[in-house]
Amino acid sequence: MKFKKLISAALAAAAAAALAAGCSQDTENTGETTSSSSGGKVQISVGAWPSQNSNETLYNQYMDMKARFEEANPDIEIIPDNWSFSLDTFMAKAAGGALPTLYEGYYTEANRIIDAGYCADLTEYVEKYGYDTKIKEQLMSLVSKDGKYYAIPKSGYTMGLYLNKNMLEAAGEVNEDGSIKVPDTYQELAEMAGRIREKTGQAGIAVCTANGTGGWNFLNIAWSFGTKFMEQDENGKWIATFDSPECVAALQYIKDLKWKYNALLESSFITGTEQQKFFSADQAAMFIGTPPQDELVKLYGMSNEDICIASLPKGDGGRYAQIGGTISFVNSNATPEQIDACFKWIEFANWGYAIDDAAKTAMEEQYQVRAEQGLPIGFYQYSPWTDDTERSEFEKSVIDANANIPAENVESFNNPPEDLQTKPEEPMKCQELYTVLDSCIQEVITNENADPAALIKNAQETFQKDYLDSAE
């Protein structure tokens, strides 16, 4: 959701341009054409490679991993490519035939990339490597179309509730055993946020309002209030359905946080970055976010011991947490040999299923690098892999061994309530939906007389007319 919207018409045009541009790829590092083989070796360029200038430690780790991989696979050559997925640069990269052989993307853009023909059909290799049974079905459904698989889930996130331990202790929001209180319902959260304002003079919670982040976070609340945002009719047309009492109640909840509980920040323009700044500076006690939020420590100097992460509260419609993350695509121009080499790299580089000694070493090294940099460790990442895999259990043991966040600070997140339901982002035009919802959130926190029902009605009409009606 952090990225600017990708226009389908422009993407389609870029696809045509890419076909006209031919099948060669230019790596960002060298600017030279990368062929499928050289000197008898299969060459694959790997995107999102760490930059030596920006993160030398991680760069060195990747280069060492590359050397070990090539030693174990002498018929394959890895060509690093620093380009990382961005909607600002993707179309130009694709149209120029310069996408890496293996590149990352996001679940929200999978359908558009698949439809544009920028990614290879991976079905044969997904089944060969057993990913069709080892990756969670909920995620595999997001990267498939017409019974075929076009991407591999690489990493995942589950949204949670961040709590500033220092602020909650100052406000007296602690249990008898000294642990901080975690709100179980959104009503409890509102009341706690109000008390924190009364006790500390600071905001009880930061609510994003801009750059789509507000709408992105709002989905979790709206789902938990019972909101259904869209559905497909019998002809396949997408219909907005969130002009409902449930969504109105969710927006009224945001309004109440401001005007009834006086729990929000004074600013009406809050981005994810601003949210981090206020939280780390003890000026906002809670926010909805996705781990790891490294910036809290790396940029703003927050202590890991003051970071707490809990499962999201529940509302009258249930307890929902949004899931998302990164997926791996293979360039549609790749040869069968290159596709297989990509899967071998995925396995070796520790975002595949295999958990042999090499994969264990790679995983341990990755967390050791985080530990050396002082970045938050202790919460269990949402794993794309089914919970019964050895890989999932081993990663949890590595996290525990390197943890710098006290276990009690993440207990609710690592061992969520049984009623927690994870849910992916909305299936159509979600970036545009977030922008429409941003406007509603801004209005209710700046205008005490704002009418949530009228705002939601207008938002649905706008979203339907401007976006869903033109969706394919």
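Which residues does Ile 254 touch, not counting residues up to four places away in sequence? They are Val 207, Phe 218, Ile 221, Leu 264, Ile 441, Val 444 and Ile 445, where contact means heavy atoms within 4.5 Å. Welcome to this structure, which is a predicted model: local features need pLDDT of at least 70, side-chain atom pairs count only at pLDDT 80 or more, and totals for chains, interfaces and linings use all residues. Residues are numbered from 1 along each chain as its sequence is written, and side-chain values use heavy atoms, with hydrogens and water left out.

**Nonpolar cores**

- The largest nonpolar core has 63 residues, and Phe 218, Phe 229, Phe 242, Tyr 253, Ile 254 and Met 286 touch the most other members.
- Helix H18 (residues 430-446) gives the most to this core, with nine residues.
- A second, separate core holds 54 residues, including Trp 49, Met 65, Leu 122 and Cys 342.
- A nonpolar core here is a set of buried Ala, Val, Leu, Ile, Met, Phe, Trp, Tyr and Cys residues joined through side-chain atoms within 4.5 Å.
- Buried means under 20% relative accessible area, exposed over 50% and partly exposed in between, using a 1.4 Å probe and protein chains only.

- Helices (H or I, at least four residues) and strands (E, at least two) are DSSP runs numbered from the N terminus, and the expected span of a helix is 1.5 Å times one less than its number of residues.
- Helix H14 (residues 336-348) has 13 residues that should span 18 Å, and its end C-alpha atoms are 19 Å apart, which agrees.
- Ten of the 13 residues of H14 are buried, so the helix is largely enclosed by the rest of the structure; among them are Phe 343, Trp 345 and Phe 348.
- Ala 359, Ala 362, Met 363, Tyr 367, Val 369 and Arg 370 are buried in H15.
- Seen down the axis, the buried residues of H15 fall within an arc of 145 degrees, so they line one face of the helix; the arc is that of the directions from the helix axis to the C-beta atoms.
- Exposed Asp 357 and Glu 372 sit on the face of H15 turned away from its buried side.
- The cover over the buried residues of H15 includes helix H2 (56-72), H14 and helix H16 (390-402).
- In H2, the buried residues are Gln 61, Tyr 62, Met 65, Lys 66 and Phe 69.
- Strand E5 (76-80), H14 and H15 are what the buried residues of H2 pack against.

**Aromatic rings**

- The whole structure has 27 aromatic pairs.
- Rings of Phe, Tyr and Trp (its six-membered ring) pair if their centres lie within 6.5 Å; planes under 30 degrees apart count as stacked, over 60 as edge-to-face and the rest as tilted.
- Trp 83 and Phe 85 form an edge-to-face pair, 6.3 Å centre to centre with 65 degrees between the planes, and both residues are buried.
- The ring centres of Tyr 157 and Trp 216 are 6.1 Å apart and their planes are at 85 degrees, so this pair is edge-to-face.
- Tyr 157 lies in strand E9 (residues 152-158) and Trp 216 in helix H10 (residues 213-224), so the pair ties together parts that are 59 residues apart in sequence.
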